[in-house]
Amino acid sequence: MKTNMRLGSVHKLFIPTMAAVACGAALAGAPRSALAAPPNAQSIALRMPAQSFADLQRDVSLARAADPRPFAMVNDIVTLAPDANARARARRAPIALYLAKLGPSALMPVLEKLALDAPRGVPAEEAPTLRRDLIEAVGLLHDARGLPVLSAILDDDTEDEETTRTVTEAIARIGNDDAATKLVTSLAGARDARARAILAGIGECRRLRVTEAAADRLRTTTDDATARVAARALGRAGNAWAWKALPDHSEEARIRETAARALVGSFVLRNGEARTAASNALMVVDAPETPALIAAAKKGAAPETAKALDTLAARFARNPARTR
Amino acid sequence: MARVFSSTLLVIALVACSSDQGATGKPIADLRADSNRDGEVHVDDDSDMNKTEWTEKTGAIFLANIDDDNKRCKSSSSDLTIALCNDAQDAVINGDDDAHDLARLKTRPASQPEDATGHVVIATEDAKALVRLFKRTGPGEADFAELTDATVITRAELESGVELAIEAKDIVRDPSRWDGYVDVQLVVHSPSHGDAKDTVRMRVAPVMTYHHLLPAETVWVADTKTDGNLRMRKELQASCRSAGVSSPERIEVTDQWAQDFFEPAFMSMPGTGGTQHVMRVNYRSANVFEPKRTETPLRPAGQIVFAMMRGKDVAGVQQFDLSHNAEMDSLNSFGNLETIPPYEKDGISYPFGRVLRGATRSWFPDRAFARMVNAQLQQPAIEIDTSWLFVGHVDETLSFVKAPTPRGWMLLMNDATLAKKMLEDAVAAGAGDTPMFVGKSWVDFDTSEETPAQATISEVLADRQVMQASAEAAVEVDAQVAILKQEIGLQDDEILRLPFLHTVYGGKSIAYQPGTVNGIYLSDTRFAAPEPHGPIVGGKDIFRDAVSEPLAKIGITADFVEDWDAYHRVLGEVHCGSNTTRKIPAARWWESGR
């Protein structure tokens, strides 16, 4: 990683970042009560099981000892973030993607910044965004060692909705049994905005029980905003293209069928954006059962609904997500 | 001026010869404006007599005089006051150029009772505070003084005829407050013979944005002085040269998204000899970057609309709501305001096209700004869903180019399914190991030493995030296009599909490959697209060909502009980094029936 990235303020931010690295190294062996980490990191530390926290400290130390370069590289990107954001369209550069592109060796440095030593020298208004980028990067690395830190963040119901969505998505991307359990229990205990935030991130977990939980929310919610995000989540869980890129297909058929069934149901029940979301998600899922589900839904449907279902069937027949 | 006074003398002579003037001894009120839209006010015939209605066939027009002809406005650093200075700010005509921006009215000379006096008033209550009248005071172009309700027009003036001028102090922003129409009324009062009244209906010109088919006049690009920015500007300049367009004008700001912080537009009224008198307008985006700052809450680069661009026949307009949801702020950028070319459907014509914006009921741009744009009435907005996109702009997925078809233009759309198929076909042909994005990086802005973006075709197809986002993009763009098909009547053979894949960031979608649809249409035969850095298969970049070949079939050459470093990897492309002021269309808005 080049350190002289030609971005205006990199150099002046670089020194405190390096200091933070040194601080992080020193922290690794410190007792929990002695933590001097900024509030978010401290909050995570306090919420993590003691053994998990100790494991993390050990893993970070070992990783740094084995190869300090990824720590420096993550630092560089973190240092770059405010300036990159200032340059980016919509004022947010995809820092999470930059971090994830560093590969598996980025995991420990990123977890360190999340849980042990939050980035310093970052303007206050940038800190939440940068933290979400770190969280998203952990998810993109698909490494279960990130789960304790992410779970601690998800457990904190005082987190803002976007952070909750981001951390849910990160856990979903890890997607192992523990992740799935965490997501199902978190969603079960969540209502309103927090539930929507969890639903908005949950779709990347392609596990049947998670999909069933999302489908259940879609069936039972009376709130259109919740229905929209639940539909989108089911679209993601059943995303036919994403499944092709996954190695394990054992639950694919049932997940896509479960998603399609709930989405057709939602299409019938709702109008406006929620119905559109269901239609779009059905195309993305592209489940083979869809025509039969639509046909079944037409039986006894009101004329207007039947007409809308015909339109849906026609769209599905020429599904834009299917190769022409 | 000599011409004006000559015509006045002619009018006086006509009045003197006329036998019907004042024949009854009653006061006569006859106020005229350019109701027949020939650029002149006629009092010596009946050509401007159809003056009390305003339709596509008749009705006078005036401008919001909000330019700064003499460049007297000093730039303010406050967002709250920066727009206030313009030629309508005061009740003074600021020189000859300013006078030209005012539409004229005249009272028809007529003999009056001895005790007659006159007043000219703004009879439309909603318009009183927004419209100003002037009365000629001398022979000079700018010899006018403000005319108020209290201004008395003498009998002598009534008998010789009075020339008036009118300006609006603002454009229409909220039709519930003022719809842009004004009734100007002449009242001639005679204590001995009673009163006479006459009214002329006028309408302030709407502001219209330029659609893509109008020839580019000025291409704007921000000069941020980075290597990537320089490279893009250089290659865009070459494309402009090929298109016969002047080199891009540089804007000295640190915000490189020139597409986003301003939107070129115009308004016009009839000029003499069938011409249009045009005032260019630049909208400033309603982006609120620092809501807690009392003086400078808005996107700073937008100040150029006033500080740099406002001048002779160039106005600036801003409209914003500081309480608009900050999470939706990106929708206020003008990459999320494009203009669909003219068309007609079901007997309804849109000669200036229609505004295209990303908006849904739950995810929408600043409503005060949208209300203002919609209030112009000429380009009724079509809204599509861009909420699935991280940046959320219509230019990320759609564009428009001229085409030799009955409609005269085609839609360019992103097609992620086509992109995936191209890559799958390449794998089937044994090219799965062919790299894409060779030499490009995701992080380092100048080299690709440590975090290369390079990936093989097979790796890209195996990237679950890319595949997931691309499937969603294929479906969401299809839903966008379905709305356009319904509104416009577009057929499949009027759509060109440009392939590129998406990926996920922040839970939403961004272009993974350079978004080739997000280019600039520079001339009838030139489209400047971002360099796709696609895989070289059979000696060719298959994604370059996927842009060049379909465009060539409709007579358009694609130029590829390098924008990866400064734009693509921070979520934009060459279109986002530039802007275009275009030629004024020949069509007259006042004939549109809107």
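This text walks through a predicted model, from chain A as a whole to a helix pair and then to a strand in chain B.

Start with chain A. Its secondary structure comes to 18 helices and 0 strands. Of its 324 residues, 59% are buried. Take the contacts with a separation of 6 or more: residues 24 or more positions apart account for 74% of them. The accessible surface comes to about 12600 Å², and carbon and sulfur atoms hold 56% of that.

Now look at one helix pair in this chain. Two packed helices are described by the angle between their axes and the distance between the axes. Helix α8 (residues 147-155) of chain A packs against helix α10 (residues 177-188) of chain A at about 0°, with axes 11 Å apart. Angles under 35 degrees count as roughly parallel, so α8(A) and α10(A) are roughly parallel to each other. From α8(A), the contact uses L147(A), S151(A), L154(A) and D155(A). From α10(A) come D178(A), A179(A), K182(A), L183(A) and S186(A). By class, that makes 4 nonpolar, 2 polar and 3 charged residues.

Turn to chain B and strand β14 (residues 276-284). Here 9 of the 9 residues are buried, so the strand is largely enclosed by the rest of the structure. Q276(B), V278(B), R280(B), N282(B) and R284(B) point one way, while H277(B), M279(B), V281(B) and Y283(B) point the other way.

What pairs with β14(B)? Strand β13 (residues 262-270) of chain B pairs with β14(B) in the antiparallel sense over 9 bridges. P264(B) has N282(B) as its bridge partner. The hairpin has 5 residues between the strands, and G273(B) takes a positive phi near 65°. Strand β15 (residues 314-317) of chain B runs parallel to β14(B), joined by 4 bridges. There, Y283(B) stands opposite V317(B).

Methods. Residues are numbered from 1 along each chain as its sequence is written. Chains are lettered from A and ligands numbered from 1 in the order in which they are written. This is a predicted model: local features need pLDDT of at least 70, side-chain atom pairs count only at pLDDT 80 or more; totals for chains, interfaces and linings use all residues. Side-chain values use heavy atoms; hydrogens and water are left out. Axes are lines fitted to C-alpha atoms, for helices over the stretch in contact, and angles run from 0 to 180 degrees between N-to-C directions. Helices (H or I, at least four residues) and strands (E, at least two) are DSSP runs, numbered from the N terminus. Angles under 35 degrees count as roughly parallel, over 145 as roughly antiparallel, 65 to 115 as roughly perpendicular and the rest as oblique. Contact means heavy atoms within 4.5 Å. Ala, Val, Leu, Ile, Met, Phe, Trp, Tyr, Cys and Pro count as nonpolar, Asp, Glu, Lys and Arg as charged, and the others, Gly among them, as polar. Buried means under 20% relative accessible area, exposed over 50%, partly exposed in between (1.4 Å probe, protein chains only). Accessible areas come from the Shrake-Rupley method with a 1.4 Å probe; for residues, only the protein chains shown count as cover. Two strands pair if DSSP finds at least two bridges between them.
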